[in-house]
Amino acid sequence: MAASTRRNQPAKTRDTSATPATEANHAEDVWLTVPEIMRTLKIKRRTWQHWRTRNRTPKMHRLPNGEFRIHQNDYQTWLAELEVSA
């Protein structure tokens with residue numbers, strides 16, 4: 001009689017289907033990088049640096065590796081604050 005090994009057992013599969021609540025939580029927890037925002041706004045890095053030195057960028061979070069991330073909600077709020085009525 002052969003002993004059961006991992007190779008002989010069927011692969012376990014995880015249910016990757018997300019529930020609506022999980023999808024909603026994921027949509028709220030979106031983090032953007034500075035290059036993504038610069039591409040969206042079609043600005044150069046120097047412009048972003050200029051804004052940053054004058055505290056005119058959205059709220060940023062520094063990661064342990066030194067990179068910055070901006071929460072999508074903070075970005076949307078920042079954009080809304082920039083709107084002017086014509």
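**Pocket, salt bridge and backbone**

α3 gives the largest share of the lining of the largest pocket, four residues. The model is predicted, so local features need pLDDT of at least 70 and side-chain atom pairs count only at pLDDT 80 or more, while totals for chains, interfaces and linings use all residues. Residues are numbered from 1 along each chain as its sequence is written, and side-chain values use heavy atoms, without hydrogens and water.

**Largest pocket**

- A pocket is an open set of points on a 1 Å grid over the protein atoms alone, where a 1.4 Å probe fits, with protein on both sides within 12 Å along at least five of seven lines; lining residues have an atom within 4 Å of a point.
- Two or more lining residues come from each of α2 (34-41), α3 (45-53) and β3 (68-71); helices (H or I, at least four residues) and strands (E, at least two) are DSSP runs.
- Among the lining residues are W48, M60, E67 and R69.

**Salt bridge**

- The structure holds one salt bridge (a side-chain nitrogen of Lys or Arg within 4 Å of a carboxyl oxygen of Asp or Glu).
- It joins the side chains of E67 and R69 at 3.2 Å, N to O.

**Positive phi**

- K42, in the loop between α2 and α3, has a positive phi of about 60°.
- N55, in the loop between α3 and β2 (61-62), has a positive phi of about 55°.
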